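Please consult the sequence and structure shown below.

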Amino acid sequence: MPDDRRPLLFTHWGAYRAEVKDGRLQALDGLEGDPDPSPIGRSIPGALTDDLRIRQPMVRAGWLAHGPASRAARGQEPFVPVSWEKAEALVAGEILRVAAAHGNGAIFGGSYGWASAGRFHHAQSQLHRFLNLVGGYTASVTTHSYAAAEVLLPHILGSQDSLVARHTPWPIIERHTRLMVMFGGLPVKNTQISAGGVGHHTIAESLRRCRDAGTAFVNISPIREDTAAELGATWLPLRPNTDTALMLALAHTLWAEGLHDTAFLDRCCTGFDRVLPYLTGAADGQPKDADWAAAICGIEAETIRALARRMAATRTMIAVAWSLQRADHGEQPLWAAITLAAMLGQIGLPGGGFGFGYGGSNRIGNTPHPFSWPALPQGRNLVRDYIPVARLADMLLNPGGAYAFNGARRRYPDIRMVYWAGGNPFHHQQDLNKLVRAWQRPETVVVHEPWWNAMARHADIVLPCTTSAERNDLGIATGEAHLFAMRQLIEPVGEARSDFAILSGIAATLGLGEAFTGGRDEMGWVRHLYALARQRAASHDLNLPDFEAFWTDGHIRLPPPTTEKNLFEDFRAAPETAPLPTPSGRIELFCDAIAGFGYADCPGHAVWLPPAEWLGAAEAAQFPLHLISNQPRTRLHSQYDNGRVAQESKVAGREPVLLHPADAAARGITDGMLVRVFNTRGACLAGAVLSDAMMPGVVQLATGAWFDPGPDGLELHGNANVLTLDKGTSSLAQAPIAHSALVEVEAFIGEAPPLRVMTPPAILAPRR
Ligand SMILES: Nc1nc2c(c(=O)[nH]1)N[C@H]1C(S)=C(S)[C@@H](COP(=O)(O)OP(=O)(O)OC[C@H]3O[C@@H](n4cnc5c(=O)[nH]c(N)nc54)[C@H](O)[C@@H]3O)O[C@H]1N2
Ligand SMILES: Nc1nc2c(c(=O)[nH]1)N[C@H]1C(S)=C(S)[C@@H](COP(=O)(O)OP(=O)(O)OC[C@H]3O[C@@H](n4cnc5c(=O)[nH]c(N)nc54)[C@H](O)[C@@H]3O)O[C@H]1N2
Ligand SMILES: [Mo]
């Protein structure tokens, strides 16, 4: 049988052809035609059936014995297996009890997270559909990925389109961009994923084509390896979180040397006259010139001036990684980059202007089809309350507490029940020791999870969930138009059920079975969603085969759209007749709406505001290393940390931490040594890797090692989020700031406590 007839497994990091034998997944090979399949696939076959899979519904012993009154030992007690029937009754009973006593707003169902690819088995959509049927839930808004941008950009550009949906596409960059200045680099490992899944991994190739066409690259980042060595980029290491100062100095140089485009600023922007006195120092006595910025960011003044001249002299794309805004005052580097690009005057020209997140996902810079693919309908949430996603711990700790968000004064709700499916706050939340404290507050925590990670261990009722290999689904790689028949490959592991099946059971207990399922079973929904996809494609003259042919064949690839546009091409051509949906109709370099909020931490134009923690802060005397907890090469966030690829990367049994050799030597640390990384919020063990790709003073510990809290407050595994700071970017966006944290590192002396999270928790025999 030819290779391309084998069944497919479709994931956030790519599509694979599966080899299934004796009811087990044996191996996965990258999809034919995929130039750069993700290594994470190698983790899947072993992890699918490992000892860490949850095979039965489980209830925390204290909760089972004493009910919601017993919450303090959450995360520490053994579990008791129960039947599905019993589990369904417990969850249904808790929902009714909490809703009756406190209202549906007391149920937190935000449930942020990446779960799995697949249109139907999308955990959050399933959970939200279910919770809407029972009267609603407190939701969360914005993402961990780019929350600061989601709130800022609508004010100054009129929409979030430039964040994910619309970018100047790679072929235009290849033809026209002669200089790509990359703040945060363009790490190819990060482009291996895409929310909803990847067909072909094309970014590494796109970058090579640009290089071959003569594009020069500048990598502005504390880590050299944020840009592939083969691109021959110039590396300008800068102190983390100081990009805004650098961008302002580039802008100042343009102005000082008369290199800025006044015609563009007049025609397409508003507010440059309000920014200029700040740039020149007329407003506050401090010119934001290259000498000023050099002292902040650590790049020499002459290098900054030379870069500004070079940017003005050629077609320049300013690429800004989403990571820059995942830091304190993360709104500012975005606004400063837009200001700088506006002064260069190339916004809307082929290959010029700016782009956010070119290195953040495989879909960025691919032109999507001009219609949206179908998703599971979620119904309507009768509860209007929500929190910005990263304020989870603050919400649980401060019911009724006031906070500012995007011009509003809001109050945190009083949450009694947390229901989570498809995300892992014990991965994604900053300051996990604070989250552990906050997590003792709710009366009941229900979690759907496939594996015994920290999320499952911190639940009261754990409902074992299948993975994509154990169910049927429809896969669509958004922005690539690959469609995949995700046929079930193996039987569910143990008694695991899909989120849909779990919620159908609970809904039935509540007398809402038919309302939840809509009268369809799994295959009924897959067929239905495919039929909708077929209709939408047909309305754009794209013909998809009938369902049977699709399901047998497994893979459809639609021709890419033929239109290619620069970001803001139409606006630039006719700002009067095609204005932006901002109050002024133009790019707001000064924004009256934001200025009107009166926030000291986010005023009316781009400014340099020192972050809460950085190498220039007083705290750096005690904690002299800046921690970059970036995205892992070996997994998706915490997913498959139990898999081979992640496990093979561990050093001294823990997550690797990269240090510059000079920083290591000053601390008596050698390569491969077990170290303790710490600050006032927490401490973790990690395995030292010495690397001259690190800027001195900066350490890198990728996010996502399964949280393993050990004795004396020591995290045993290298989870960076025991070290990060749980604070909003500003009163505007309240976005997470994972990349603003100072730490110290020391050799770990003595016997290391063994890991606990890679073996299942204690499980008691079921009570009679
Ligand atoms: N320090 C630091 N922290 C960060 C970041 C950082 O850069 N540094 N990045 C942040 C960003 S950008 C993001 S997006 C977040 C990501 O945070 P999350 O999306 O919460 O992280 P994941 O590990 O992907 O969690 C998904 C969970 O869903 C489970 N799962 C998989 N399939 C299914 C399913 O079908 N059903 C159910 N019920 N569960 C399933 C997985 O086992 C896993 O536990 O992390 C944020 N946190
Ligand atoms: N393999 C893999 N790929 C992924 C993910 C994954 O878990 N695994 N997660 C995906 C998700 S959900 C998202 S949102 C994207 C995120 O994409 P990004 O936000 O781009 O990802 P990060 O890895 O946080 O950061 C990229 C680089 O930015 C640099 N950086 C950090 N802070 C600063 C700073 O202040 N200034 C400058 N100049 N550089 C800085 C770091 O050196 C880091 O390596 O990645 C996606 N890609
Ligand atoms: Mo993300």
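D51 is exposed, its relative accessible area being 63% (exposed means over 50%, buried under 20%, partly exposed in between, with a 1.4 Å probe and protein chains only). The model is predicted: local features require pLDDT of at least 70 and side-chain atom pairs pLDDT 80 or more, whereas totals for chains, interfaces and linings use all residues. Residues are numbered from 1 along each chain as its sequence is written, chains are lettered from A and ligands numbered from 1 in the order written, and side-chain values use heavy atoms without hydrogens or water.

**N-terminal segment**
- D51 lies in the loop between α1 (44-48) and β4 (58-60); helices (H or I, at least four residues) and strands (E, at least two) are DSSP runs numbered from the N terminus.
- L25 and D51, 26 residues apart in sequence, have C-alpha atoms 16 Å apart.
- Residues 11-47 carry the annotation "domain: Molybdopterin oxidoreductase N-terminal" in an unreviewed UniProt entry; such annotations may be inferred rather than shown by experiment.
- This stretch, 11-47, is 11% helix and 43% strand, with its end C-alpha atoms 15 Å apart.

**Ligand 2**
- Ligand 2 is surrounded by 29 residues, the closest being D226, N241, D243, R326 and H637 (a heavy atom within 4 Å).
- Polar contacts are pairs of N or O atoms within 3.5 Å; a backbone N or O atom of N241 is 2.7 Å from a ligand 2 oxygen atom.
- A polar backbone atom of R635 lies 2.9 Å from a nitrogen atom of ligand 2.

Terms used: Polar contact = N/O pair within 3.5 Å; in protein donor to acceptor, adjacent residues only side chain to side chain.
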